[in-house]
Amino acid sequence: QVRLVESGGRLVQPGDSLRLSCVASGGTFSNIASGWFRQAPGMEREFVAAITWSGGVTYYRDSVRGRFTISRDKSKNTVYLQMNSLKPEDTAVYYCAAGRQITTARDYDYWGQGTQVTVSS
């Protein structure tokens with residue numbers, strides 16, 4: 001059973017930086033794409049960023065491109081989301097996802113439980 005565990009979410013001020021981590025366990029993680037999604041209260045879960053297993057291809061939603069960076073450390077089975085210049089509208093629960101194919105849709109096979117990011121002064 002594949003398990004994804006996110007960490008790193010907390011309360012920060014506008015303009016601050018934060019790095020989220022997602023550790024995978026319980027399976028074989030070769031050729032697995034990973035993604036980050038977020039969900040604000042009363043809103044649909046939305047795509048944030050995704051990365052292929054090789055790390056050679058990345059996707060970002062327009063509102064975070066240039067501020068967020070997705071990366072992975074295969075030796076640690078960990079995917080990161082570096083978030084810079086955070087804005088109040090980035091406030092949401094952030095979810096890690098993994099699956100066979102990189103996509104901006106919610107078609108991933110595995111999901112974490114989420115970590116709360118709050119951006120407020």
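**The cavity, the sheet and the rings**

The largest cavity holds about 100 Å³ of space. Bear in mind that this is a predicted model. How many cavities of 30 Å³ or more are there? The count is one.

Who lines the largest cavity? There are 15 lining residues. Closest to the centre are Ala24, Ser34, Arg72, Asn77 and Val79. By class, the lining has nine nonpolar residues, three polar and three charged. Arg72 is an arginine, and arginine counts as charged. Ala24 and Val79 fall in the nonpolar class.

Keep E3, E7 and E8 on screen. Four strands form an open sheet, and the order is E1-E3-E8-E7. The pairing is antiparallel. Which strands sit at the edges? Strand E1, residues 3–7, and E7 do, and each pairs on one side only. On average, neighbouring strands here are turned by 15 degrees against each other, with direction ignored.

Sheet strands pair through backbone hydrogen bonds, in a parallel or an antiparallel way.

E1 and E3 pair in the antiparallel sense over five bridges. Arginine 3 stands opposite serine 25 in E3. Next comes E3 with E8. That pairing is antiparallel and runs over six bridges. Where does leucine 18 find its bridge partner in E8? The partner is methionine 83. Then E7 and E8. They pair over six bridges, in the antiparallel sense. Isoleucine 70 has leucine 81 in E8 as its bridge partner.

On to the aromatics. A search of the whole structure finds four aromatic pairs. Take phenylalanine 37 and phenylalanine 47. They form an edge-to-face pair, 5.7 Å centre to centre, with 75 degrees between the planes. This pair links distant parts of the chain. Phenylalanine 37 is in strand E4, residues 33–39, and phenylalanine 47 is in strand E5, residues 46–51. The two are ten residues apart. Buried or exposed? Both phenylalanine 37 and phenylalanine 47 are buried.

Next, tyrosine 108 and tryptophan 111.

Tyrosine 108 has 6% relative accessibility, so it counts as buried. Tryptophan 111 has 28%, so it counts as partly exposed.

Ring pairs link Phe37, Phe47, Tyr108 and Trp111 into a cluster.

One last stop, glycine 112. Where does glycine 112 lie? It is in the loop between strand E10, residues 110–111, and strand E11, residues 115–119. Its relative accessibility is 12%, so glycine 112 counts as buried. Look across to tryptophan 36. The C-alpha atoms of glycine 112 and tryptophan 36 are separated by 9.8 Å. Along the chain, these residues are 76 apart.

That is the tour. Over to you for questions.

Methods
Residues numbered from 1 in each chain as written. Predicted model: local features only at pLDDT ≥ 70, side-chain atom pairs only at ≥ 80, totals over all residues. Heavy atoms only, no water. 1 Å grid on protein atoms, 1.4 Å probe; cavity = no way out; pocket = protein on both sides within 12 Å on 5 of 7 lines; lining within 4 Å. Points joined across faces, edges and corners; volume = space filled by probe spheres on them. Pairing = 2+ DSSP bridges. Axes fitted to C-alpha atoms, helices over the stretch in contact; angles between N-to-C directions. Phe/Tyr/Trp six-rings, centres within 6.5 Å; stacked < 30°, edge-to-face > 60°. Buried < 20%, exposed > 50% of the residue type's maximum accessible area, 1.4 Å probe, protein only.
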